[in-house]
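Notebook open, structure loaded. I'll jot down what I look up as I go, starting with charged side chains.

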Amino acid sequence: MELGTVFTDYSVKKLQQLADRIDDCLQRLEDSEIWWRKAGAQNAAGNLVLHLCGNLGQWIGTGVGGNPDKRRRDEEFRADGGVSREELRERLRDRVTESCRWRPSSHPSSGSATSGKFRSN
């Protein structure tokens with residue numbers, strides 16, 4: 001097995017594992033707890049989930065997959081509610097699923113990693 005494949009497979013498994021842990025944490029919180037901040041300048045758990053979804057979309061979807069960058073980073077941190085626990089869980093699940101689909105179409109030394117030639121499984 002090629003090193004690039006080993007790395008990609010490991011990265012996908014790790015992303016799914018960590019997303020499952022985040023999902024477990026979200027399930028334990030009420031909507032009000034997800035958006036709670038001790039102080040105004042701090043981020044709530046909901047902001048961090050929105051930020052992670054935006055980050056995956058930008059770095060994997062745009063950087064690797066070549067999708068248009070539609071990220072609104074400032075809005076990820078400005079949000080102070082309005083997104084339920086279930087919607088956050090769904091957004092995270094969808095973004096992780098989408099991100100895990102991308103795989104190099106050939107060995108990285110062929111230039112595929114920098115040329116944007118990736119395939120979606």
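R28 first: I get 64% relative accessibility, so R28 counts as exposed (exposed is over 50% relative accessible area, buried under 20%, partly exposed in between; 1.4 Å probe, protein chains only). Its salt-bridge partner is D24, with the closest N and O atoms 3.0 Å apart. For a salt bridge I take a side-chain nitrogen of Lys or Arg within 4 Å of a carboxyl oxygen of Asp or Glu. D24 comes out at 34%, so I log D24 as partly exposed.

Ground rules before I go on. This is a predicted model, so local features need pLDDT of at least 70 and side-chain atom pairs count only at pLDDT 80 or more, while totals for chains, interfaces and linings use all residues. Residues are numbered from 1 along each chain as its sequence is written, and side-chain values use heavy atoms, with hydrogens and water left out.

**Salt bridges**

How many salt bridges does the rule give? I count eight. One of them pairs R89 with D23 at 2.5 Å, N to O. This pair ties distant parts of the chain together, with R89 in helix 5 and D23 in helix 1, 66 residues apart. (Helices are DSSP runs of H or I, at least four residues, and strands are runs of E, at least two, numbered from the N terminus.)

Are R89 and D23 buried or exposed? R89 is buried because its relative accessibility is 14%, and D23 is buried too, at 15%. Setting aside residues up to four places away in sequence, I find R89 touching D23, L26 and Q27; contact here means heavy atoms within 4.5 Å.

I also looked up R71, which bridges to E76 with the closest N and O atoms 2.8 Å apart. Both R71 and E76 are buried. Bridges with shared partners join D23, R85, E86 and R89 into one network.

**Core**

Next, the largest nonpolar core. My criterion is a set of buried Ala, Val, Leu, Ile, Met, Phe, Trp, Tyr and Cys residues joined through side-chain atoms within 4.5 Å. There are 16 residues in this core, and W35, V49, L88 and V96 touch the most other members. Helix 1 (3–27), helix 3 (45–62) and helix 5 (85–100) are the elements that give two or more residues to this core.

**Helix 3**

Quick geometry check. Helix 3 has 18 residues and should span 26 Å at 1.5 Å a residue; its end C-alpha atoms are 25 Å apart, so the two agree. The expected span is 1.5 Å times one less than the number of residues.

Buried residues of helix 3 include G46, V49, L50, C53 and L56. What do the buried residues of helix 3 pack against? I get helix 1, helix 2 (31–34), helix 4 (73–78) and helix 5.

M1 sits in the segment before helix 1. Its relative accessible area is 81%, so M1 is exposed. Together with L3 and V6, M1 makes a nonpolar surface patch of about 390 Å². Patch residues have over 30% relative accessible area and no salt bridge, with like charges joined within 9 Å and nonpolar side chains (Val, Leu, Ile, Met, Phe, Trp, Tyr) within 5 Å. Areas are Shrake-Rupley with a 1.4 Å probe, and for residues only the protein chains shown count as cover.

K13 and C100 are 87 residues apart along the chain, yet their C-alpha atoms are separated by 8.6 Å.
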